[in-house]
Amino acid sequence: MNKSFFIENFKTLFYALIIAIIIRSLLIQPFYIPSSSMEPSLLVGDRLFVTKYSYGYSKHSFPFSPPIFKGRFLLSEPKRGDVVVFKTPVDNRTDYIKRLIGLPGDQIQFIDSNLYINNIEVLKSRISKNDIIYCGKNSIDVFTFEELLPNGNKHNTTYFKNSKFKDEVAINSDLFIVPNEHYFFLGDNRDCSKDSRYISGPGYVHKDNLVGKAQFIFFSSDRSIGSIFSFWKWNESVRIKRFFKKII
């Protein structure tokens, strides 16, 4: 093997790496769901694609959030009800995925476990009273509702049946007033989600912290049954019905 062989192979790998970084930074990025905070919409073990271009670009669009520029350019405003990946304001590093509930200037509050936006109760219709979801490693009996946001966006949420498992913030919260250029996020698993109600600050998320919009699930497996490398358990662990499911 001559020197030119190694040089050409190095160039190929280098160009492939640059292309991968460009795609990941500017177009689309895969994410893994590690917690139950977005059940029933997203399950632990879901792998999904997030479009980076949906809301424009900030330093957090790039790997390791390099301080190459300030602000956000090509900004496209997110819509209420979008499922969004963002950098938590606690450390501006950790990725969270939640549903956008509050826009700049909105007033958000929970009263008797009911969600209010701008002093108007968000309508929800119970669609099941016999569901079980996870909260950490615990399985919890829940009511499942279809929630209707003010802009017409519909999605499913869950609430614990037994109020003894809820904390006071989930029942009666403070009044949150979303600052300019910030957003307020909630998990669909309402009584088991570390979101803008709990993140220190409180957890209003600046527009520059938005990473992208969750679009669809491309793979899903139940790791409680077995690793994806345990191919002999795939018939039990792989959730084929969730493949290419659009996230709403």
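Modeller: The structure holds 14 aromatic pairs. Rings of Phe, Tyr and Trp (its six-membered ring) pair if their centres lie within 6.5 Å; planes under 30 degrees apart count as stacked, over 60 as edge-to-face and the rest as tilted. The model is predicted: local features need pLDDT of at least 70 and side-chain atom pairs pLDDT 80 or more, whereas totals for chains, interfaces and linings use all residues. Residues are numbered from 1 along each chain as its sequence is written, and side-chain values use heavy atoms, without hydrogens and water.

Biologist: How is the pair of phenylalanine 49 and phenylalanine 218 described?

Modeller: A pair of aromatic rings is described by the distance of the centres and the angle of the planes. Phenylalanine 49 and phenylalanine 218 are stacked, at 4.3 Å centre to centre and 25° between the planes. Phenylalanine 49 lies in strand 2 and phenylalanine 218 in strand 14, 169 residues apart. Strands are DSSP runs (E, at least two residues), numbered from the N terminus.

Biologist: Is phenylalanine 86 buried or exposed?

Modeller: Buried means under 20% relative accessible area, exposed over 50%, partly exposed in between (1.4 Å probe, protein chains only). Phenylalanine 86 and phenylalanine 185 are both buried, whereas phenylalanine 49 is partly exposed at 23%.

Biologist: Over which ring does the charged end of lysine 124 sit?

Modeller: A charge sits over a ring if NZ of Lys or CZ of Arg is within 6 Å of the ring centre and within 35 degrees of the ring normal. The charged end of lysine 124 sits over phenylalanine 145, 5.3 Å from the ring centre. Lysine 124 also lies over the face of tyrosine 159, at 5.2 Å.

Methods: Helices (H or I, at least four residues) and strands (E, at least two) are DSSP runs, numbered from the N terminus.
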